Amino acid sequence: MKALLYKDLIVMKKEIIMTAVILAVYIPLAVFIKNEYLAVALIGVTSGLTVMFPNYSFVHGHQSNWEGYLSATPLKLKTIVLEKFLLLLLALPLLLLGLLTVIFFTTVSPSVPVCLTLLFVTLIFGFIQIPLYFLLGPNKARILMMFMFFIVFYGIIMLMLDDQFGSFLPAESTLAVVSGSLLAVVFAAAYFISRAVYRKKEF
């Protein structure tokens with residue numbers, strides 16, 4: 001697992017630098033230009049960067065036929081699949097950075113239920129995309145996921161700009177339990193579907 005993660009982080013160096021540059025430009029804009037649209041958009045940007053992180057691994061693997069090499073190694077199937085989910089979790093601090101920047105340094109103050117909702121939606125999309133990448137390949141899956149992602153997050157961003165959005169959400173404790181339960185179910189489904197798809201692939 002450690003070797004796979006290290007390999008992906010090395011080959012994704014260009015994308016990691018690009019992510020850092022985007023944040024280095026966008027965060028100061030959101031902080032110093034007191035505009036609620038920029039602040040809310042920062043959350044969308046960091047969420048998108050989080051979801052896209054595993055995609056970089058799939059793209060590089062597809063270009064180098066890395067899966068063909070993996071099939072000849074003694075690595076277990078569960079290790080190969082779990083590593084993709086771990087990449088998503090490693091990128092989660094990007095979204096947390098966006099949320100904390102907006103909360104402490106801008107005029108927008110999303111409530112805890114709103115923050116939990118954004119975290120939930122980001123992880124749901126992140127989990128769902130991984131079996132799609134295994135099934136469709138990075139190019140087709142990326143187009144489909146980006147289309148769905150922009151529709152959902154455009155809607156959430158518009159709702160965040162509505163002062164009444166938070167009032168429609170349940171209490172923090174209830175939301176945390178429901179979101180956590182749904183995330184566990186979606187993760188389990190995405191993991192086992194990914195394993196089944198990968199097992200049937202021919203290299």
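Which residue's side chain meets that of Lys84 in a salt bridge? The partner is Asp8, at 3.9 Å from N to O, where a salt bridge is a side-chain nitrogen of Lys or Arg within 4 Å of a carboxyl oxygen of Asp or Glu. This is a predicted model, in which local features need pLDDT of at least 70 and side-chain atom pairs count only at pLDDT 80 or more, while totals for chains, interfaces and linings use all residues. Residues are numbered from 1 along each chain as its sequence is written, and side-chain values use heavy atoms, without hydrogens and water.

Lys84 and Asp8 are both buried, that is, under 20% relative accessible area with a 1.4 Å probe, protein chains only. Asp8 also forms a salt bridge with Lys7 (2.6 Å, N to O), and Glu83 forms one with Lys84 at 3.8 Å.

Phe85 touches Phe127, Ile130, Phe187, Ala190, Tyr191 and Ser194, not counting residues up to four places away in sequence, with contact meaning heavy atoms within 4.5 Å.

Conventions
Buried means under 20% relative accessible area, exposed over 50%, partly exposed in between (1.4 Å probe, protein chains only).
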